[in-house]
Amino acid sequence: MELTGAEIFVEALKREKVEYVFGYPGGAVLHIYDALYKQEDVQHIMVRHEQAATHAADGYARASGKPGVVLVTSGPGATNAVTGIATAYMDSIPLVVITGQVPTNLIGVDAFQEVDAVGITRPCVKHNFLVKDVKDLALTMKKAFYVATTGRPGPVVVDIPKDVTANKAEFDYPETISMRSYSPVVPVDLSLVETAVDYLLQAKRPMIYAGGGVILDNAAEELIELTRLLGFPVTHTLMGLGGYPATDDKFIGMLGMHGTYEANLGMHNCDVLLAVGARFDDRVTGNVDKFCPTAKIVHIDVDPSSISKNVKVDVALIGHVSVFLRELIKGLKARKQKPDPEALAEWWKQINEWRSMDCLKYDRDSERIKPQYVLETLYRITQGEAFVTSDVGQHQMWAAQFYKFNKPRRWINSGGLGTMGFGLPAAMGVQLAYPNDTVVCVTGEGSIQMCIQELSTIKQYGLPIKVVNLNNGYLGMVRQWQEFFYQRRYAMSYMESLPDFVKLAESYGHAGILVTKPDEVEAALQEAMEINDRAVFLNFITDPEENVYPMIPAGGGQNEMILV
Amino acid sequence: MRHIISILLENESGALSRVAGLFSARGYNIESLAVAPTDDPSLSRMTIVTSGTEEIIEQIVKQLNKLIDVVKLADMTEGAHIERELMLIKLRAEAEQREEIKRLVDIFRGRVVDVTTETYTVELTGDSDKLDAFINAIGKMQIIEVVRSGSIGIARNGNSLVL
Ligand SMILES: Cc1ncc(C[n+]2csc(CCOP(=O)(O)OP(=O)(O)O)c2C)c(N)n1
């Protein structure tokens, strides 16, 4: 039977078992909305801004491991979605984003609400398509899901002109697909596994540095097994948190610009580094010329272009993280050998010495609410079981440092692009994926205002999200840099004319709680956890000039940390 | 170092801009770029002449391979290969200069393909160095217009860049 393009689109979503489409209607996608209206399998979540649609789909994808789906109209709908697409791209999150387009006969004439969506999104997608003929639509949708979810995942945009959604074609949706120009699974070369095992066994001062690839490839179990087998210390990037349990003794904290003293010094002094699904980002390496000066580096990554891009590595294991971790485990077990126990004990002694510096210490007797205390308490009250999304800034770093993630996919943040405004819409996607779990959005008074309109969406769908607003009255991270590097000239980092967040939340139909004293923090959080019929906005008035420590200044080496 | 990278590309709209966009976004050099369909109309062959350190060339190759529209590629410079570029060049050629110019064209194995009372238009093929050498030999004063196709390349021996 022939279907319209709009119907083909909806059928394709069903075949892909899509639960939710996050979107916003407009002229170019009206046929599609009509087709969505006539069915009940795919639920459309109506956001208040297209940026939020992409972040919500992104949060859904990060938490569930399934691709997030977005539907926006042409022109401004597409451009509003770009920030979210770029956010997903930087963190390798699988999204399929459908943008409406003006009818094919109007493409190129500056028609109403026409933008070159394929052109605008090209640098921030894994791939994109313009569907010019309805006969190509089903196959293109299949390709979009396939490309987005395989290999190194990423966002894929499908631009569909309005007439294509009205025209009819036979619906033929392939079960599987292969593309001659795309092979997501690089043939695994096992010949280097033995070399890697040699390095690991000879190590005297080893480190495991694991990133978002562990989460994306669901390789936490393998990482845990390998780490325990070896007895090595393990550190996570911002994107890797939750891969290895944070409360386990082998975990020495996050590394990088705001990483722990022990993790960064461990990196700086190690002799063998096993990098797992991490990409040697500049926020991790600091000055690359000073990075891990004495280490031999073994790098596992699914993306060949990540290998030796920023830092030259000695052994490259190109392929899925889980596959190579299993191979390493197998290789190690076969050898019946262990790394030198004396050297390892010596190394742990050194690491524990660094650890005893207690680099995350803060003033626990302060009259003011310390943001770190809020997050510690949040961790305690939720028993580490919450899904935590965050925005970007100091609060993000504190959340990463103080909430101990023991499970993967619980920590949801924009690491690569650092997108303020991500946290709240992302929390919507997470809560939809896990309706019965606690979802907390840790944010600041700056970031939250970038997508605050989503409180309305949250009301509409009854999502009991807990917003933890660490309100320091400043764009705190900007202020911190200005304090350290611009002699306290606080240019534009003070947030003037803030709304009354409690009233604001209430006007959207949510609960609002103002917290001004440290001894109110715990009770307020407890109270918030009890409210489950709407969202709760906790407005914590925190110490305005608290800083995130440790800090590696831009251009510094990993051993050049500013400590509290 | 200068590298000649040959790419088999899906012959689809937008494929060219993906490659060009990659080079500009990541700050890689393009000295020249030539592209046309192959005997298989679904495939284009693109030749990019670029330069950079070994690390940069490695990244260029990897990043190109990552593009979904890139089916296959090879760095011609890694092995024996033939490089050719076509140039059409219009020269001032008045009566007394004609003999001299003609001789130079012959030395370079070019051909005069169009003649007016004041000009010669010359067709010349060869590697880029040869075309440069001709331009130098003829001298700036003589040149009215230069069109170069950008280099294309093909591997010698049995190495072929095909599906
Ligand atoms: C969209 C966007 N614009 C600007 C920035 C730059 N930036 C990074 S952190 C930050 C301050 C964030 O302030 P706030 O949300 O109040 O959090 P705090 O640092 O105070 O915890 C800014 C402006 C950004 N990351 N994203």
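Reader: Which residue of chain A forms a salt bridge with B:Lys66?

Author: This is a predicted model, so keep that in mind as we go. A salt bridge here needs a side-chain nitrogen of Lys or Arg within 4 Å of a carboxyl oxygen of Asp or Glu. For B:Lys66 the closest N and O atoms are 2.7 Å apart, and the partner is A:Asp303.

Reader: How many salt bridges are there between chain A and chain B?

Author: Side chains of opposite charge can pair when their charged atoms come close. On the side of chain A that touches chain B, the residues divide into six nonpolar, five polar and eight charged. The count of salt bridges between chain A and chain B is two.

Reader: And how many residue pairs are in polar contact across that interface?

Author: For contact in general, 19 residues of chain A meet 20 residues of chain B. Counting residue pairs in polar contact, with both at pLDDT 80 or more, the rule finds 10.

Reader: Which residues of chain A lose the most area to chain B?

Author: The size of an interface is often given as the accessible area lost when the parts come together. Chain A and chain B bury about 1,500 Å² between them, with 45% of that on carbon and sulfur atoms. On the chain A side, three residues together make up 40% of what is buried: A:Arg122, A:Arg180 and A:Ser181.

Reader: What order do the elements of chain B run in?

Author: Picture a C-alpha trace that spans about 55 × 35 × 35 Å along its principal axes. Chain B has four helices and nine strands. Starting at the N terminus, the order is β-α-β-β-α-β-β-α-β-β-α-β-β.

Reader: Over to the ligand: how many residues surround it?

Author: The closest ones are A:Gln394, A:His395, A:Gly418, A:Ser447 and A:Gly476. By kind, the shell divides into seven nonpolar, nine polar and one charged. The number of residues around the ligand is 17.

Reader: How much of the ligand's area does the protein bury?

Author: Let's start with some polar atoms. An oxygen atom of the ligand sits 3.0 Å from an N or O atom in the side chain of A:Asn472, and a polar side-chain atom of A:Glu445 is 3.3 Å from a ligand oxygen. There's also a polar backbone atom of A:Tyr474 at 3.0 Å from an oxygen of the ligand. Alone, the ligand exposes 590 Å², and the share buried by the protein is 77%.

Reader: Which element gives the most to the shell around the ligand?

Author: Two elements of chain A give two or more residues each: α16 (394-402) and α19 (476-485). The one that gives the most, with three residues, is α19(A).

Reader: How far apart in sequence are the parts that A:Glu222 and A:Arg326 tie together?

Author: The whole structure has 44 salt bridges over all chains. In one of them, the side chains of A:Glu222 and A:Arg326 meet at 2.6 Å, N to O. A:Glu222 lies in helix α10 (residues 220-230) of chain A and A:Arg326 in helix α13 (residues 321-335), so the pair links parts whose separation in sequence is 104 residues.

Reader: Where in chain A does the residue A:Gln113 lie?

Author: A:Gln113 has a phi near 60°, a positive value in a residue other than glycine. Its place is the loop between β5 (95-101) and α5 (117-121) of chain A.

Reader: Which residue does a cis peptide bond join to A:Tyr549?

Author: Omega for this bond is about -10°.

Note on methods: Residues numbered from 1 in each chain as written. Chains lettered and ligands numbered in written order. Predicted model: local features only at pLDDT ≥ 70, side-chain atom pairs only at ≥ 80, totals over all residues. Heavy atoms only, no water. Contact = heavy atoms within 4.5 Å. Buried area = accessible area lost by both parts, 1.4 Å probe. Polar contact = N/O pair within 3.5 Å; in protein donor to acceptor, adjacent residues only side chain to side chain. Nonpolar A, V, L, I, M, F, W, Y, C, P; charged D, E, K, R; others polar. Near = heavy atom within 4 Å. Areas by Shrake-Rupley, 256 points an atom, 1.4 Å probe, with all protein chains shown as cover.
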